[in-house]
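Dear colleague,

Here is the structure I said I would pass on.

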Amino acid sequence: MSAGSAVTIDVDGVRHYHAIHGLPPPRGPDPIWRAGVPRVLELCAEHRVRATLFIVTEDLEDETARELVRRAHVAGHEIASHSHRHRYELSTLAPAEIDAELRRSIDVITAVTGEPPRGFRAPGYTLSAPLVDALVRLGFRYDSSVMQAPAYWAARAAARLALRARGRRSASLLGDLRQFLPGYAPRGLVELPISSALGWPWLGTTLALLPAPLGAMETAVARATPRRGPVVLELHAVDLCDAGDGFEGALVQAQRDLAVPLARKRGRLGQAVAALAKDARPLAEWC
Ligand SMILES: [Zn+2]
């Protein structure tokens, strides 16, 4: 099935992974911006893919991050919003607070690239009617937070329970199961869902962990699954980092894909990106 494709990359900083696993905030420079983002851009360049980068815009207070994003924009990648601060509870805030977060994100991206963002992906993929209303009101053209992947929702519920049993608490919300069932679409906004294969999202994290033949199979199933719009691969900048990049030991223990050596992950993710290279375009060009 071919109706075009998109490679998307969520650039979540290391502090968000600490928050998901209920760990104290990290210290020192962020290895994901220092190592992961440049590698993701290299991988895209190698396969001549223009991608969509979902940026947490408070990160662009840092000049190095700002310069990387500016260069990505010049190279033809789309710079979209992953909110200003990646507050996991964004969908539950009062409308004025949601507006303030989104406006700030629009302002920062406009200042760096000269263009307002057209697309949005919610922190933790969690939408709500007030959040969707705000996106429409503020001129976003599409959202890409939905994944038709009930198994992912169930895995997230299990992970939260396991953490709680160890006396820790995840900052990420469980979210509404209905949003993970086939057929869900927010009202009033174009939705370009993250693709899934057999109820599991087509994620870089999974591809990083699976042996290459199984990853290739997941890619084939995701691409063959009937859908409206493009087939959408979701990577995270952390997918091209490993334990050698200076993460704290507690995070390496909690985030299993960090234990997979970088060279192996580069091969596995490269295989998925290569499969899309022929017809991949930034999401904004599909709506
Ligand atoms: Zn995120």
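The model is a predicted one, and what follows was computed from its atoms.

Helix pair. Helix α2 covers residues 31–46 and helix α3 covers residues 63–74; their axes come within 11 Å and cross at roughly 5°. Angles under 35 degrees count as roughly parallel, so α2 and α3 are roughly parallel to each other. On the α2 side the contact is made by W33, V37, P38 and L41. On the α3 side the residues they meet are T64, A65, L68 and A72. By class, this contact of α2 with α3 has 7 nonpolar residues, 1 polar residue and no charged ones.

Helix α5. In this helix, residues 129–137, the buried residues are L131, V132, A134 and L135. They cover an arc of only 160° around the axis, and therefore lie on the same side of α5. Among the elements that cover the buried residues of α5 are α4 (95–113), β4 (119–120) and β5 (142–143). G139 follows α5 and has a positive phi, near 90°.

Loop between β3 and α4. H82 sits in this loop, with β3 spanning 78–81. Is H82 buried or exposed? A residue is buried if 20 or more other C-beta atoms lie within 10 Å of its own; H82 has 25 C-beta neighbours inside that distance, so H82 counts as buried. Leaving out residues up to four places away in sequence, H82 touches D10, V11, F54, I55, V56, R121 and P123. One of these, V56, is 26 residues from H82 in sequence, while the C-alpha to C-alpha distance between the two is 5.0 Å.

H86 lies in the loop between β3 and α4. H86 counts as buried because it has 26 C-beta neighbours inside 10 Å. Its backbone deserves a look: phi of H86 is near 60°, a positive value in a residue other than glycine. Most residues other than glycine have a negative phi.

Loop between β4 and α5. Y125 is located in this loop. Phi of Y125 is positive, near 65°, and Y125 is a residue other than glycine. With 24 C-beta neighbours inside 10 Å, Y125 counts as buried.

Regards

Notes. Residues are numbered from 1 along each chain as its sequence is written. This is a predicted model: local features need pLDDT of at least 70, side-chain atom pairs count only at pLDDT 80 or more; totals for chains, interfaces and linings use all residues. Axes are lines fitted to C-alpha atoms, for helices over the stretch in contact, and angles run from 0 to 180 degrees between N-to-C directions. Helices (H or I, at least four residues) and strands (E, at least two) are DSSP runs, numbered from the N terminus. Angles under 35 degrees count as roughly parallel, over 145 as roughly antiparallel, 65 to 115 as roughly perpendicular and the rest as oblique. Two residues are in contact if their C-beta atoms, placed from the backbone, lie within 7 Å. Ala, Val, Leu, Ile, Met, Phe, Trp, Tyr, Cys and Pro count as nonpolar, Asp, Glu, Lys and Arg as charged, and the others, Gly among them, as polar. A residue is buried if 20 or more other C-beta atoms lie within 10 Å of its own, exposed if 12 or fewer, and partly exposed in between; C-beta atoms are placed from the backbone. The arc is that of the directions from the helix axis to the C-beta atoms.
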